[in-house]
Amino acid sequence: MEERKWWKESVIYQIYPRSFADSNGDGIGDLNGITEHLPYLEKLGVDVLWLSPVYRSPNDDNGYDISDYRSIMTEFGSMEDFDRLLAEVHARGMKIVMDLVVNHTSDEHPWFIESRKSKDNPYRNYYIWKDPRDGHEPNNWRSCFSGSAWEYCEETGMYYLHLFSKKQPDLNWENPQVRREVYDLMTWWCEKGIDGFRMDVVNLFSKDQRFPDGITLPGEKYGDFSPYAVNGPRIHEFLQEMNREVLSKYDIMTVGEAGGVTTDEAKKYAAPDGSELNMVFHFEHTDGAAADQKVIGKWDHGKPRMPVIRRILNKWQLQLEGKAWGSLYWDNHDQPRAVSRFGNDTPNWRVLSAKMLATCLHMQKGTPYIYQGEELGMTNMPFSSLEDCRDIESINAYRQYVTEKKLISGEEMMECIRTIGRDNARTPMQWDSSENAGFTTGTPWIMVNPNYTEINAEAALADPDSVFYYYQKLIRLRHDHTIVVYGTFEPLLMESDSIYAYRRILDDHTLVVACNWTDQDQPCALFPEDDADSRTNPAKELISNYASHKAGILQPYEARAVLFHISKQSPDTWSCAGRDIRF
Ligand code: GLC
Ligand code: CA
């Protein structure tokens, strides 16, 4: 068995502080709100809390634009509030992972305020400045949030690079002083006693210093920077240095957000020798599963097809085995709600399909991440107009596709936003059925989903069949069964269009997991013990979202995880209680 580590055996819960709980009635979630709700998280049983950024920020991108890495965002509270939160989390046996956003800072960070002043400012080289090319941008790179990735500065007649909004200038990682600053601030937080970092867009730090133009799509002015900035030339050198200088000195966990990472690259970022990070988030199942064509980027959506998702997730399971640790997620603050996207959020199927998705993911190998509200089966938001949206990505995309290019109508764009926009995940946490879902006594910074009267934590805690208790059980299974953490993964039923099945194997046990992704009965012969005599039947059902089963059938959105004790193992035939089982 591979090396045991606490972060392999943990379940992580992501908190988006702005939308979690408001303790002082200003409509914005805050640190004291999180502290107040720790008993809820303890009850759920998660091990680690990942906080989306809580640092000082002008909030152009909700805290992913930091103006002071060593202070707390005024709206979220004070450093004393943070210290109390950290102490209370530790007192309850949980841990805290901080978001580390160091590909870029805010343009209001003192480094940038200095940097833009003059070409000979000591901070000039902290950012990426280039001369105009023929009176225009230095190259054609498109920002992730629409438009050019370069912004002109009158002060010096030069452009600076911003892969995200123009209020998020990219740091110049080529400059050793910048790297030193980053290592120092990381050390500062580690000394405070935090337990790890989620590293924002970690694979964008290193840029091809030739800054070549990217390929443009027909009719597009701007090109794709990814061949020159994603998994760039010096990224592994930088992370190994960071590891030597900081990470290796503490018992912390690290996960890198790495859109565009391949399995081969992931084996370097998350190699078992521990020389870089512990694991990365890939985006293949969230980016690739839905869209076949990309005329309007990520906004071209469709219902993801299970076989496509299965192919992607299975590939990651198989290729990382023994070579790198993986992470498991459906949801985060940049994605729409999992049950709406991958499952079925209509009243008949919401709870069942949310549990099915949870089973499908949580029984796989890797460290699972739960995003706030996912454990309630929270759904996408019926945004009716752009005024209700807060996300800079959605707002800029609307401006670009509807207002400027007139590629689609406003109503079509709103449909895209309702389906795929990031604000779906950012509506307030639904605590109870009181006004504003118990999130705030004031006016929430973003609308509460109107379904809070039914979908909320109070109702979930009162219902033994809720999605909440199902997650609680899945988390407990991971803690109680080594096979869930360390068992190897093997795909099953790869030809099925409706059932996602696999098995995990450890020593003389096999855990068979099968999930029906449709709203119809589907034939499934994976569980022969259903017909067997229960006195001699050595199989044990660990979890299912149905109380009773139909022999040979998986009911709509049915999910099951059954543990078999096996006495003989050959490639496809195992024997269980004297009977052959074919998987
Ligand atoms: C990451 C964050 C996202 C943010 C972006 C820029 O993708 O998850 O929320 O907008 O980086 O920091
Ligand atoms: Ca508040």
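Author: In this predicted model, pairs of rings join Tyr55, Tyr69, Phe82, Trp111, Tyr123, Tyr126, Trp188 and Trp189 into a cluster. The whole structure holds 34 aromatic pairs. One of them is formed by Tyr55 and Trp189: the ring centres are 5.6 Å apart and the planes stand at 85° to each other, which makes the pair edge-to-face. Tyr55 belongs to strand β3 (residues 55–56) and Trp189 to helix α5 (residues 176–192), so this pair ties together parts that are 134 residues apart in sequence.

How exposed or buried are these two residues? Tyr55 has 1% relative accessibility and therefore counts as buried, since buried means under 20%. Trp189, with 0% relative accessibility, counts as buried by that rule too.

Another pair is made by Trp173 and Phe205, and here the geometry is stacked, because the ring centres are 4.3 Å apart and the planes meet at 15°. Trp173 is found in the loop between β8 (158–161) and α5, while Phe205 is in the loop between β9 (196–199) and α6 (226–229), so parts that are 32 residues apart in sequence are tied together by this pair. Trp173 and Phe205 are both buried.

Rings also take part in contacts with charged side chains. Arg124 lies over the face of Trp129, at 3.8 Å from the ring centre. In a second case, the charged end of Arg560 sits over the ring of Phe527, and the distance to the ring centre is 4.4 Å.

The largest cavity has a volume of about 230 Å³. It is lined by 20 residues, and those closest to its centre are Trp316, Gln317, Leu320, Gly326 and Lys365. Two elements, α10 (306–320) and β12 (327–328), each give at least two residues to this lining, and α10 gives the most, with 4 residues. Sorted by class, the lining of the largest cavity consists of 9 nonpolar, 8 polar and 3 charged residues.

The second largest cavity holds about 80 Å³ of space. Its lining includes Trp330, Asp331, Arg337 and Tyr471. Elements that supply two or more residues to this lining are α11 (338–341) and α12 (350–362), and the largest share, 3 residues, comes from α12. By class, the lining of the second largest cavity has 8 nonpolar residues, 1 polar and 3 charged.

Which residues coordinate the calcium ion (ligand 2)? The donors are Asp22 (OD), Asn24 (OD1), Asp26 (OD), Ile28 (O) and Asp30 (OD), at 2.2 to 2.3 Å. Along the chain, the donors of this calcium ion follow the spacing D-x1-N-x1-D-x1-I-x1-D. Of the residues at this site, Ile28 and Asp30 are buried.

How values were computed: Residues numbered from 1 in each chain as written. Chains lettered and ligands numbered in written order. Predicted model: local features only at pLDDT ≥ 70, side-chain atom pairs only at ≥ 80, totals over all residues. Heavy atoms only, no water. 1 Å grid on protein atoms, 1.4 Å probe; cavity = no way out; pocket = protein on both sides within 12 Å on 5 of 7 lines; lining within 4 Å. Points joined across faces, edges and corners; volume = space filled by probe spheres on them. Nonpolar A, V, L, I, M, F, W, Y, C, P; charged D, E, K, R; others polar. Donors = N, O, S within 2.8 Å, 3.2 Å for Na, K, Ca; no water. Buried < 20%, exposed > 50% of the residue type's maximum accessible area, 1.4 Å probe, protein only. Phe/Tyr/Trp six-rings, centres within 6.5 Å; stacked < 30°, edge-to-face > 60°. Lys NZ or Arg CZ within 6 Å of the ring centre and 35° of its normal.
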